[in-house]
Amino acid sequence: MSEKPLKRFRFMGLLEGGSLLILLFLAMPLKYFFGMPEAVSVVGSIHGFLFVSYCLMIAYMTFIVRWPFIYSVIAVIVAFIPFGNILFDRKLEKLETV
């Protein structure tokens with residue numbers, strides 16, 4: 001497998017995972033504890049864009065790069081778990097060095 005697409009995928013995964021963490025641990029408390037719903041509107045929109053981009057990147061890795069299907073399944077699952085993409089990135093980093 002080529003190194004470049006995997007590097008791009010890892011970067012996209014970290015961006016998406018980071019945006020989820022910002023949404024959950026910064027924007028949501030600002031909305032519910034400090035009455036600032038604009039935070040969720042802005043961060044939620046950015047996260048939505050990054051999530052769709054991440055899903056497209058999963059499809060690219062699955063169909064064009066042809067990485068194992070189980071990685072695609074795991075990539076979708078970890079997108080919904082806080083810190084999931086960071087843990088998955090560590091596994092992919094080991095795969096990249098092999």
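How many aromatic pairs does the structure hold? It holds six; rings of Phe, Tyr and Trp (its six-membered ring) count as a pair if their centres lie within 6.5 Å, and a pair is stacked with planes under 30 degrees apart, edge-to-face with planes over 60 degrees apart and tilted otherwise. This is a predicted model, in which local features need pLDDT of at least 70 and side-chain atom pairs count only at pLDDT 80 or more, while totals for chains, interfaces and linings use all residues. Residues are numbered from 1 along each chain as its sequence is written, and side-chain values use heavy atoms, with hydrogens and water left out.

**Stop 1: the whole chain**

Show the chain as a cartoon. Its secondary structure comes to four helices and zero strands; helices (H or I, at least four residues) and strands (E, at least two) are DSSP runs, numbered from the N terminus. The pattern along the sequence is α-α-α-α. The C-alpha trace spans about 50 × 20 × 20 Å along its principal axes.

Of the 98 residues in the chain, 36% are buried. Buried means under 20% relative accessible area, exposed means over 50%, and partly exposed lies in between (1.4 Å probe, protein chains only). Contact means heavy atoms within 4.5 Å. Among contacts between residues at least 6 apart in sequence, 71% join residues at least 24 apart.

**Stop 2: helix H1**

Select residues 3–34, which are helix H1. H1 has 32 residues and reaches 44 Å from its first C-alpha to its last, close to the 46 Å expected at 1.5 Å a residue; the expected span is 1.5 Å times one less than the number of residues. Now centre on Leu-23, where H1 has a kink of about 35°. The bend at a residue is the angle between axes fitted to the seven residues ending there and the seven starting there. Just after H1, select Gly-35, which takes a positive phi of about 65°.

**Stop 3: the rings around Phe-9**

Select Phe-9 and Tyr-54 and show their side chains. The ring centres are 5.5 Å apart and the planes are at 25°, so this pair is stacked. Phe-9 is in helix H1 and Tyr-54 in helix H2 (residues 37–65), and the two are 45 residues apart. Phe-9 counts as buried at 1% relative accessibility, and Tyr-54 counts as buried at 1% as well.

Phe-9 lies in H1 and Phe-88 in helix H4 (residues 84–97), so the pair ties together parts that are 79 residues apart in sequence. Both Phe-9 and Phe-88 are buried.

Ring pairs link Phe-9, Tyr-54, Trp-67, Tyr-71 and Phe-88 into a cluster.

**Stop 4: the salt bridge**

Select Arg-10 and Asp-89. The structure holds one salt bridge, which is a side-chain nitrogen of Lys or Arg within 4 Å of a carboxyl oxygen of Asp or Glu. The side chains of Arg-10 and Asp-89 meet in it, at 2.6 Å from N to O. Arg-10 is in H1 and Asp-89 in H4, 79 residues apart. Are these two residues buried or exposed? Arg-10 counts as buried at 14% relative accessibility, and Asp-89 counts as buried at 9%.

**Stop 5: helix H3**

Select residues 69–78, which are helix H3. Its buried residues are Ser-72, Ala-75 and Val-78. They cover an arc of only 135° around the axis, which puts them on the same side of H3; the arc is that of the directions from the helix axis to the C-beta atoms. On the other side of H3, Phe-69 and Ile-70 are exposed. What covers the buried residues of H3 includes H1, H2 and H4.

**Stop 6**

Select Thr-62, in helix H2. Thr-62 counts as buried at 12% relative accessibility. Leaving aside neighbours within four places in sequence, Thr-62 is in contact with Trp-67, Phe-69 and Ser-72.

Next, select Arg-66 in the loop between H2 and H3. The phi of Arg-66 is near 65°, a positive value in a residue other than glycine. Arg-66 is exposed, with a relative accessible area of 66%.

Finish at Phe-83 in the loop between H3 and H4. Phe-83 has a positive phi of about 70° although it is not a glycine. Phe-83 is partly exposed, with a relative accessible area of 46%.
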